[in-house]
Amino acid sequence: MTWLTWRQSRAQIIAAAAALAVIAIILALTGPHLASLYDTSGVATCQAHDNCDTVVSTFLNELSKGTVVLYFTGIVVVVLIPALIGVFWGAPLVTREIEARTLPLAWNQTVTRTRWMAVKLGLGALTAMATAGLLSLMLTWWSGPLDSAAALGTSKLGLSRLGPVLFAARGITPVGYAAFAFVLGVIAGVLIGRTISAMATTLAGFAVIQVAWANWIRPHLIAPVHAIAALNPANIYLVRVKDNQMLISATPSSGQQGAWVLSSQITDNAGRPFHGAPPAGCPVNLHQCAAGIGSLHLRQLIIYQPASRYWTLQWYETAIFLAAAVALAGFCAWRVRHLAD
Amino acid sequence: MNAVLEARGVGKRYRQRWALNDCTLSIPAGRVVGLVGPNGAGKTTLLSLAAGMLRPTTGSIEVLGARPASSRAQLARVGFVAQDTPVYAGLSVADHLKLGAEMNPGWDAALASGRIAHLALDRRQRAGKLSGGQRAQLALTLAMAKRPDLLLLDEPVASLDPMARREFLESLREYIAGRPVSVVLSSHLVSDLERVCDYLIVLVASRVQVAGEVSRLLATHRQLTGAGPDLSLEDLVLAYMRQATTPGRQPVQEEYR
């Protein structure tokens with residue numbers, strides 16, 4: 001059974017290996033230069049010198065356009081690869097055999113249907129995990145300098161390592177997604193029976209799961225930290241006045257560098273959300289306004305996932321997706337016994 | 001009970017439509033059984049149930065004393081060539097032999113290679129590029145070389161030209177000769193079955209109209225109807241199928257010419 005599965009997926013595996021090799025060569029050729037730029041830029045030590053904004057911005061300006069394009073392309077590729085694996089490897093795995101009417105041939109060998117499905121799922125999932133894992137590993141390494149710079153100060157890239165996009169494109173999470181998306185594709189094929197419909201369903205289903213997960217589940221995977229601190233007027237970047245109410249927007253204080261800020265709220269002294277009347281001068285006379293705000297003794301309530309939880313969250317999320325993949329695979333092996341019934 | 005296939009009140013329903021309904025039949029061991037009947041009689045469904053591709057909605061079916069495809073041992077004992085003789089279009093002839101060898105512990109490599117050589121098939125040829133007759137022969141080789149006790153063939157020659165049809169049935173006859181294997185072969189072409197079968201089952205609308213040894217059936221029919229010695233199996237089958245059809249409905253004779 002292993003041989004047949006290998007023979008049937010050989011072309012895909014070779015294509016994936018070739019694509020990974022090409023990507024590896026491109027990254028190996030450009031990566032060291034990027035790393036040396038980073039080393040000489042002083043970004044690594046900017047916090048000690050308290051000059052992150054200028055150093056990071058200098059570093060980013062030194063990058064070639066190609067590097068920036070490669071950086072963002074890399075993010076898109078790693079985010080999309082699990083979905084593509086689900087659509088192009090998972091969904092057709094069984095439907096191809098249904099459509100070519102080869103199931104009676106496969107199922108009349110001395111191999112039970114459950115084993116047939118288990119080997120196909122197992123080998124496919126391992127290939128999917130290896131592909132996504134290697135890709136993520138290479139790009140995590142290559143993008144390291146840029147990711148670090150982005151995490152520091154007010155970055156022009158605007159990406160946090162823990163944020164919805166970058167978290168799914170780095171580290172080990174793509175391994176979990178790839179296994180899950182692959183099995184999702186297979187089960188869609190088993191339940192629907194037609195390749196094109198199964199592909200569309202897999203794509204839609206996985207996209208919904210990823211978006212919903214990043215926005216509503218990941219933030220609460222570990223209870224986020226609530227921090228209240230005095231509002232530092234230097235962090236205020238926007239003051240709006242509407243109907244004699246003042247709304248202040250401020251960046252989180254520097255203690256949460258690289259954190260994933262889920263919400264930031266300005267409160268009064270007692271911790272209630274602040275909707276008070278603006279002090280004199282706001283928002284026209286900036287100087288007078290800032291002084292007025294300072295005399296209000298406002299506080300800032302920040303709800304966030306600290307940067308230190310990065311790997312804990314990565315492991316949690318990967319483990320959850322792998323467990324979901326195993327559960328779906330079990331359902332799939334059970335369901336295939338009724339296939340064609 | 002010396003039966004290779006025992007069906008008791010077997011029914012198979014697809015949504016609203018019954019493909020097979022309350023079918024009861026017994027197929028004796030050691031025979032080459034021809035299963036004939038009009039389209040829609042339930043032949044394909046019955047063979048798919050026997051091979052374990054489908055599971056019955058009602059009733060029970062036992063093949064070689066066990067539920068079809070219920071275990072590896074059971075799978076090893078039954079060879080099945082489904083309708084349209086499926087093979088993997090993208091795999092070569094050699095790949096198919098390797099597949100058979102990898103997936104069947106009882107694989108007879110000598111038999112498989114011998115047949116491929118005898119048929120003059122190019123081992124490197126992709127199965128998708130084979131002619132209909134060659135594809136059917138390849139599918140038959142896979143089913144034979146696992147050395148089953150029972151060989152189920154569902155309309156294997158239906159789509160073949162007369163030449164390929166004759167060669168296929170010749171292969172089958174050579175294989176059967178001297179082997180303790182039971183065969184069930186469905187067809188709606190009685191003349192094909194005449195060449196290889198020694199036992200006949202006529203199935204019309206899930207019901208067995210007649211079952212028995214070909215030579216005895218012919219003799220009995222001659223006696224009953226006073227037909228001459230040139231009475232063919234085809235005449236006999238047609239007579240039984242006419243009997244089965246309700247008055248006012250003409251049997252579709254064209255198909256059996």
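So, I172 of chain A: this residue sits in the loop between helix 8, residues 164-167, and helix 9 of chain A. Keep in mind, please, that we are looking at a predicted model. Is I172(A) buried or exposed? It counts as buried, because it has 20 C-beta neighbours inside 10 Å, and 20 is the cut-off for that label. What does I172(A) touch, once we leave out residues up to four places away in sequence? The answer is Q314(A) and T318(A). There is also L137(A): 35 residues separate it from I172(A) in sequence, yet from C-alpha to C-alpha the two are 7.8 Å apart in space.

Let's move on to helix 9 itself. Helix 9 of chain A covers residues 173-192, and it packs with helix 4 of chain A, residues 65-90. The angle is about 25°, and the axes are 7 Å apart. Angles under 35 degrees count as roughly parallel, so helix 4 and helix 9 of chain A are roughly parallel to each other. For those of you who like handedness, the crossing of these two helices is right-handed.

Who makes that contact? On the helix 4 side of chain A we have, among them, V78(A), I81(A), P82(A), I85(A) and W89(A). From helix 9 of chain A come residues including P174(A), Y177(A), F182(A), L184(A) and V186(A). Sorted by class, the contact between helix 4 and helix 9 of chain A has 15 nonpolar residues, three polar ones and no charged ones.

Now over to chain B, friends. Chain B has nine helices and nine strands. Its C-alpha trace spans about 55 × 40 × 35 Å along the principal axes. How does the radius of gyration of chain B, 18 Å, fit with a compact globule? It agrees, because a compact globule with 257 residues would have a value near 18 Å. Of those 257 residues of chain B, 42% count as buried. And if you take contacts in chain B between residues at least 6 apart in sequence, 70% of them join residues at least 24 apart.

Last stop, the place where the chains meet. Here 24 residues of chain B are in contact with 17 residues of chain A. Which elements of chain B give two or more residues to that side? They are helix 2 (72-77), strand 5 (78-81) and helix 3 (93-103) of chain B. Helix 3 of chain B gives the largest share, five residues. By class, the side of chain B that touches chain A divides into 15 nonpolar, two polar and seven charged residues. Thanks, everyone!

How values were computed: Residues are numbered from 1 along each chain as its sequence is written. Chains are lettered from A and ligands numbered from 1 in the order in which they are written. This is a predicted model: local features need pLDDT of at least 70, side-chain atom pairs count only at pLDDT 80 or more; totals for chains, interfaces and linings use all residues. Axes are lines fitted to C-alpha atoms, for helices over the stretch in contact, and angles run from 0 to 180 degrees between N-to-C directions. Helices (H or I, at least four residues) and strands (E, at least two) are DSSP runs, numbered from the N terminus. Angles under 35 degrees count as roughly parallel, over 145 as roughly antiparallel, 65 to 115 as roughly perpendicular and the rest as oblique. A crossing is left-handed if the near helix is turned anticlockwise from the far one by less than a right angle, and right-handed if clockwise. Two residues are in contact if their C-beta atoms, placed from the backbone, lie within 7 Å. Ala, Val, Leu, Ile, Met, Phe, Trp, Tyr, Cys and Pro count as nonpolar, Asp, Glu, Lys and Arg as charged, and the others, Gly among them, as polar. The radius of gyration is taken over C-alpha atoms; the globule rule is 2.2 Å times the number of residues to the power 0.38. A residue is buried if 20 or more other C-beta atoms lie within 10 Å of its own, exposed if 12 or fewer, and partly exposed in between; C-beta atoms are placed from the backbone.
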